[in-house]
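Let's take a walk through this one together. Have the sequence and the 3D view open, and we'll go from strands to helices to pockets.

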Amino acid sequence: MSTVFDFDFFIECLKSGAARIPVNLYVAAASVFFGMIFGLIIALIRVFRVPVLSPIFRWLVTILKGVPVILMLLVFYVLAADYFNLIMEYFGIDYTFRQLNKAIIAIIALSVLSSIGLSESFRGALASVKKGQYDAAYSVWLTKRQALVYVIIPQAFPIAVPTLCNYIIGMIKAGALAAMISVVDIMNGALIPANANYRYLEGYTAAALIYWVVCATLEKVLNIAEKRFASKVREVA
Amino acid sequence: MIEVKGLKKAFGQNQVLKGVGFHVNEGDVMTLLGVSGSGKTTLIRCLNYLESPDEGVIRIDDRTVDAQKITKKEIIELRKKTAMVFQTYDLFLNLNALQNVTEGLIRGGKIPKPDAEDIARDLLEKVGLSAKLESKPYQLSGGEQQRVGIARALALCPKVILFDEPTSALDPEVIGEILDIIKAVARSGVTMIIVTHEMEFAFSVSNKVVFIDQGEIVEEGSPREVFLESSQERTKSFLARSNFRFQPEYYL
Ligand SMILES: Nc1ncnc2c1ncn2[C@@H]1O[C@H](COP(=O)(O)OP(=O)(O)O)[C@@H](O)[C@H]1O
Ligand SMILES: [Mg+2]
């Protein structure tokens, strides 16, 4: 440990971390994707006050909204560690927890959180569509499903886009927490070389730089999408 | 062709319709008059089940429904006899003028898209909007939006078109144009029920006038009978407070 900051070693960490960018991207993409689907379903159930389900989700959302990401990840990890092997054995599948890609656990845990969060955002967006739009849709013989698909959701979606973009960024960052459940993401990737010789400063700095570049790039791309949808929002405002 | 019997509707404790009945013949233009809050909107919204009545029987053309045992399928079928023009236009904000007209034809009427577009272009031309087919509602004035609203209703070729105060949200200078379009539609023989506060228009366009007060039909008859020969106190005081001034040329 001659120098305070070993630049060559830093580059090594950078390479090792950057190789894991796809892991963060697919964990984030999958979590937001499932979050959008289930978030929309939950939002529709609550907006239309579906009996039984609506109050159940109201409670679930209230409870889960307050759960920190790291806790959610750990809970799912511990659950999987305890029960995965039992379930696989039950179905006679030769596949153990050790072999399980831990990124799947991260995706499940983060999907639950993004479903909850996005359901709140979608609910607000759906509620902002005026009642007259439903009336008009029904008056030209659309069914409820058709009204939602062709009139209501296309008007509500642009309103939810900014939150959605924030969620994508948030999920990339949450990927760093997935490192806690031994997902080899940008963070753990950058630390692999450091683990060998305890030069953690280079490892963490490399991870930070990669995160910064990924998020900044993504933010640029998402800004373009947001702009595009902002003009749609003006149409329906 | 339209027959309504014993229609009742309450919002909570507020009994808005107290057993309303009337009938309309094919080709009739019926205007529905009454003070604000008398239940006019609720009544015509019950006809296409945008509002579900609590009790009563509605027959439109060959379709009869009983409010107490109506099914979802029957609601869709009843709606397919009607179309509506709204006070606040209520165009689909995410769609342009042409798509506003074709949407119902394609999804609800199951008409192939090219045919629907032909119908829509034709009707939008009739209401004077050929130049604005691609315009979204936010790019159209109130009068233009209501023209699209009328074209959207006409496109469906319904048995009856329901108008709920179609000019109440418009600037005074364009009201006349929209009323002229509605008159032209009336002359073409389409059955219509119109809620309006434009008394002279009601007098000249309709062959049947219904006066409703506090959820009950007070009086119905020809425009002459209701406007000029009514013996009902409530009708007379309503007309006295309205902007209707008898103009001899309307009835000579
Ligand atoms: N969706 C609703 N919920 C509760 N009350 C309503 C609703 N729609 C109308 N009302 C009430 O019903 C009465 C009649 O309203 P409406 O049919 O709109 O009258 P009009 O069209 O003749 O002005 C009013 O007292 C109004 O407050
Ligand atoms: Mg009204």
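**Starting from a hairpin**

I58(B) has V65(B) as its bridge partner in β5(B). Strands count as paired here if DSSP finds at least two bridges between them, and helices (H or I, at least four residues) and strands (E, at least two) are DSSP runs numbered from the N terminus. Before going further, note that this is a predicted model, so to speak of local features pLDDT has to be at least 70, side-chain atom pairs count only at pLDDT 80 or more, and totals for chains, interfaces and linings use all residues. Residues are numbered from 1 along each chain as its sequence is written, chains are lettered from A and ligands numbered from 1 in the order in which they are written, and side-chain values use heavy atoms, with hydrogens and water left out.

Back to the hairpin. Strand β4 and strand β5 (residues 63-66) of chain B run antiparallel and share 4 bridges. Between them sit 2 residues, and D61(B) in the turn has a positive phi of about 60°. β4(B) also pairs with strand β1 (residues 2-11) of chain B, again antiparallel, through 5 bridges; there, K5(B) is bridged to V57(B).

Inside it, β7 (residues 160-164) and β8 (residues 191-195) of chain B are parallel partners over 5 bridges, with V160(B) bridged to T191(B).

Chain A is another story: 9 helices and 0 strands. Q155(A) sits in helix α7 (residues 144-178) of chain A and is buried, with a relative accessible area of 2%. What is Q155(A) in contact with, leaving aside its neighbours within four places in sequence? V129(A), Q133(A) and V236(A), plus F92(B), L93(B) and N94(B), where contact means heavy atoms within 4.5 Å.

Finally, the largest pocket has a volume of about 620 Å³. A pocket is, on a 1 Å grid over the protein atoms alone, an open set of points where a 1.4 Å probe fits, with protein on both sides within 12 Å along at least five of seven lines; lining residues have an atom within 4 Å of a point. There are 23 lining residues, of which F48(A), Y134(A), Y138(A), K144(A) and R79(B) lie nearest the centre of the pocket.

Conventions
Buried < 20%, exposed > 50% of the residue type's maximum accessible area, 1.4 Å probe, protein only. Points joined across faces, edges and corners; volume = space filled by probe spheres on them.
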